[in-house]
Amino acid sequence: MKTIGILGGMGPLATADLFKKIVTLTEANSDNEHIPILIDNNTQIPDRTDYIINNSQDPIKEMIRSAIKLEMMGADVIIMPCNTAHYFYDEIVKYVNIPFINMIEETAKEIKKLYSNKKVALLATEGTYKAGIYDKVFDKYGLELVKPSSQKQKHVTELIYDIKRGKSVIDLTSFQAVLRELKEQGVEAFILGCTEIPVAFQMFNIDEKYIDPTKILACSAIRYVGKNIKNV
């Protein structure tokens, strides 16, 4: 059976979330029917948003190191549970000889299938917005993308970094105001475009229609290695 390699550590909770989704979404009747998974939880990768916004420490060397390590350990495919990190995707793939599934591309394909004529909003880091990571791919698929105002974006950022800090008690008042403002613009679903946001939605039972790129990535990886998705 083929092995999945997870280029993780951005952050550790998001990495664990992707691993759990692969396990729970795989159709399997025993341990032996589950997919072998290698994880490099590389917590030494510098902050991607800080680099994009402030030109701070470049994370690319550590990301490339992790990708090469996963290939050398026997991974047949690489996946990366960090939206902002896909800014560096084209550079990382130059250093590996195995497929590297692009989470943003997979998300665009899914939205094209399910929400092609509807407004969807992107909830993400400032780095993801500034780098236009989703914009470039969505333009290719002819998809409209709505974003919070710059004033409201800071509340999305606060939630992301509170989850990274491991906080379990978070005041969601400001974040809920962001969701309301976007729905007033006709938004019908939210792209959880930072891998900490699905963790927050699950943790706090946020009742909104959403698209989870982490889940989409998990399903793409499962299919790639030849397994079926569990009917959940």
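The questions and answers below concern a predicted model.

Student: How are the rings of Tyr 51 and Phe 88 arranged: stacked, edge-to-face or tilted?

Tutor: A pair of aromatic rings is described by the distance of the centres and the angle of the planes. The structure holds six aromatic pairs, and in this one the ring centres of Tyr 51 and Phe 88 lie 5.8 Å apart. Planes under 30 degrees apart would count as stacked and planes over 60 as edge-to-face; since the angle here is 45 degrees, the pair is tilted.

Student: Where in the chain do these two residues sit, and how many residues separate them?

Tutor: Tyr 51 belongs to helix 2 (residues 48-54), while Phe 88 is in the loop between strand 3 (77-79) and helix 4 (89-92). The pair therefore links distant parts of the chain, and the separation is 37 residues.

Student: Is Phe 88 buried or exposed, and which aromatic cluster includes this residue?

Tutor: Buried means under 20% relative accessible area, and Phe 88, at 6% relative accessibility, counts as buried. Its ring also belongs to one aromatic cluster, whose members are Tyr 51, Tyr 87 and Phe 88.

Student: How are the rings of Phe 201 and Tyr 210 arranged?

Tutor: The ring centres of Phe 201 and Tyr 210 are 5.4 Å apart, with the planes at 75 degrees. Because planes over 60 degrees apart count as edge-to-face, the pair of Phe 201 and Tyr 210 is edge-to-face.

Student: Which burial class does each of Phe 201 and Tyr 210 fall into?

Tutor: Phe 201 has a relative accessible area of 4% and is buried. Tyr 210 has 40% relative accessibility, which lies between the limits of 20% and 50%, so Tyr 210 counts as partly exposed.

Student: Which element supplies the largest share of the lining of the largest pocket?

Tutor: The largest pocket holds about 740 Å³ of space, and of the 31 residues that line it, the closest to its centre are Lys 21, Leu 25, Asp 212, Lys 215 and Ile 216. At least two lining residues come from each of helix 1 (12-25), helix 5 (103-114), helix 10 (197-203), strand 7 (210-211) and helix 11 (213-224). The largest share, seven residues, comes from helix 1.

Student: How many residues of each class line the largest pocket, and which domains contribute at least three residues each?

Tutor: By class, the lining of the largest pocket has 16 nonpolar, four polar and 11 charged residues. At least three residues of this lining come from each of domain 1 (4-102 + 215-225) and domain 2 (104-212).

Student: Which element gives the most to the lining of the second largest pocket?

Tutor: The second largest pocket has a volume of about 220 Å³, and its lining includes Tyr 87, Tyr 89, Asn 102 and Lys 136. Two or more residues of this lining come from helix 4 and from helix 7 (133-140). With three residues, the element that gives the most is helix 7.

Student: Is helix 11 largely enclosed or exposed, and how far apart are its end C-alpha atoms?

Tutor: Nine of the 12 residues of helix 11 are buried, so the helix is largely enclosed by the rest of the structure; among the buried residues are Pro 213, Ile 216, Cys 219 and Ile 222. At 1.5 Å a residue, the 12 residues should span 16 Å. This agrees with the distance between the end C-alpha atoms, which is 16 Å.

Key
Residues numbered from 1 in each chain as written. Predicted model: local features only at pLDDT ≥ 70, side-chain atom pairs only at ≥ 80, totals over all residues. Heavy atoms only, no water. Phe/Tyr/Trp six-rings, centres within 6.5 Å; stacked < 30°, edge-to-face > 60°. Helix = DSSP H or I, 4+ residues; strand = E, 2+ residues; numbered from the N terminus. Buried < 20%, exposed > 50% of the residue type's maximum accessible area, 1.4 Å probe, protein only. 1 Å grid on protein atoms, 1.4 Å probe; cavity = no way out; pocket = protein on both sides within 12 Å on 5 of 7 lines; lining within 4 Å. Points joined across faces, edges and corners; volume = space filled by probe spheres on them. Nonpolar A, V, L, I, M, F, W, Y, C, P; charged D, E, K, R; others polar. Domains from an automatic or database assignment. Expected span 1.5 Å × (residues − 1).
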